[in-house]
Amino acid sequence: MRPYSRITGTGSFLPPRRLSNADLVAQLASDGIESSDEWIVERTGIRARHFAEPGVTSSDLGLEASRRALEAAGLRADQIDLIIVATSTPDMVFPSAACILQNKIGANGCPAFDVQAVCSGFVYALTVADAMIKAGTARRALVVGAEVFSRIIDFKDRATCVLFGDGAGAVVLEASDEPGILATELHADGKHVDILCTPGHVCGGQVLGDPFLKMDGQAVFKLAVGVLEDAARAVLAKAGRQESDICWLIPHQANIRIMQGTAKKLRLPMDKVIVTVDEHGNTSAASIPLALDAGVRSGRVKKGDLVMLEGVGGGFTWGAVLLTM
């Protein structure tokens, strides 16, 4: 019989520099960009975010989150036999952030690679790790979401610069005789590439195209709520569960209105939704593991709870994971 995979440890890390809406509004005002705390909160639910200092990379943030996840799992780094990092802001073009993290944490020798599915990245990475454990090619995986989105924000674009933050979250996923991950569902639709993208690229030693994040907020919102509901219902059906069985919904922390819309469609009260977007902003692939760790360490998410993870991001990508903690 194939083993199950189960999360045995969670960890997260936010860079120390916290910017409240007031801090960010003052910074924008110095460049002639108007905004306000009320405007940001009303449209997004965000009150603060964290930015990494210059020179701090995604793998640096991932390292701290990974150490905490390993400590929670009671494991050493050299006991890990698979590392997957979900990121859209890697340290360099190559090698992968996973390989750089592997060396920093001291888990050299095991497979290590990145997954690029933007804000759905952690759901994608967790699904891949689950499949590899069930196939018998790994027994202990470190799955990380780490981002420094502050590096690709256009601070002259009021509609996007208030949304994003930096951070990292990690989980240890281990082979188990007890069910952990019950069902997964992944999708992508490339015809929606243009509604959320960073179109610049490196060529001949120069950045060609626009290196800043671009987003059609209304199009993303409209698409996100529908596909998140579909993915949630798909994993519930695969696992033979009902909406009422869900103890906690932990969605990608993009915008409180998207989260509220998803919860409403699943007939879940907001007190069953882990919300960190108010303090973290949108940390892309890091947002779900950051929120999961916040839920675990606050004592809300407990062993045995049925948890739904959901992500949606550029690509356009989306997916869900249903698991028992």
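How many of the ten residues of strand β1 (residues 4–13) are buried? I looked that up to open my notebook: eight of them are, so β1 is mostly covered. Buried here means under 20% relative accessible area, exposed means over 50%, and partly exposed is what lies in between, with a 1.4 Å probe and protein chains only.

**Ground rules**

I jotted down that this is a predicted model, where local features need pLDDT of at least 70 and side-chain atom pairs count only at pLDDT 80 or more, while totals for chains, interfaces and linings use all residues. Residues are numbered from 1 along each chain as its sequence is written, and side-chain values use heavy atoms, with hydrogens and water left out.

**The whole chain**

I started with the overall picture. The protein chain has ten helices and 15 strands. Both are DSSP runs numbered from the N terminus: helices are H or I with at least four residues, strands are E with at least two.

Then I checked the dimensions. The C-alpha trace spans about 60 × 45 × 40 Å along its principal axes. A compact globule of 325 residues would have a radius of gyration near 20 Å, and this chain has 19 Å, which agrees. That radius is taken over C-alpha atoms, and the globule rule is 2.2 Å times the number of residues to the power 0.38.

Buried residues make up 56% of the 325. I also looked at contacts (heavy atoms within 4.5 Å). Among those between residues at least 6 apart in sequence, 76% join residues at least 24 apart.

Two strands pair if DSSP finds at least two bridges between them. In this pairing, Arg6 stands opposite Glu174 of β7.

β7 also pairs with β6, again antiparallel and over nine bridges. There I noted Val148 opposite Asp166 in β7. β6 is mostly covered, with eight of its nine residues buried.

Strand β4 (residues 82–86) runs parallel to β6, and five bridges join the two. Ile84 has Val143 in β6 as its bridge partner.

**An open sheet elsewhere**

Next I traced a mixed, open sheet of four strands, in the order β8-β15-β14-β13. Its edge strands are β8 (181–188) and β13 (248–251), each pairing on one side only. Between β8 and strand β15 (residues 317–324) I found antiparallel pairing over seven bridges. Leu186 has Gly319 in β15 as its bridge partner.

**Salt bridges**

Which charged side chains meet? A search of the whole structure finds 16 salt bridges. The rule is a side-chain nitrogen of Lys or Arg within 4 Å of a carboxyl oxygen of Asp or Glu. I picked out a few.

- Asp60 forms one with Lys104, with the closest N and O atoms 2.5 Å apart. Asp60 lies in helix α3 (residues 58–73) and Lys104 in helix α4 (residues 97–105), so the pair ties together parts that are 44 residues apart in sequence. Asp60 is partly exposed at 25% relative accessible area, and Lys104 is partly exposed at 31%.
- Arg140 and Glu174 meet at 3.1 Å, N to O. This pair links distant parts of the chain, with Arg140 in strand β6 (residues 140–148) and Glu174 in strand β7, 34 residues apart. Arg140 is partly exposed at 29% relative accessibility, but Glu174 counts as buried at 14%.
- Lys214 pairs with Asp210, the closest N and O atoms being 2.9 Å apart. Lys214 is partly exposed at 27% relative accessibility, and so is Asp210 at 28%.
- Glu229, Arg233, Glu243, Lys265 and Arg267 are linked in a network of salt bridges.

**Cysteines**

How many disulfides does the structure hold? I got zero, with a disulfide being a pair of cysteine sulfur atoms within 2.5 Å.

Cys119 is buried, at 4% relative accessibility.

Cys161 is in no disulfide either, and the nearest cysteine sulfur, that of Cys119, is 16 Å away. Cys161 is buried too, with a relative accessible area of 0%.
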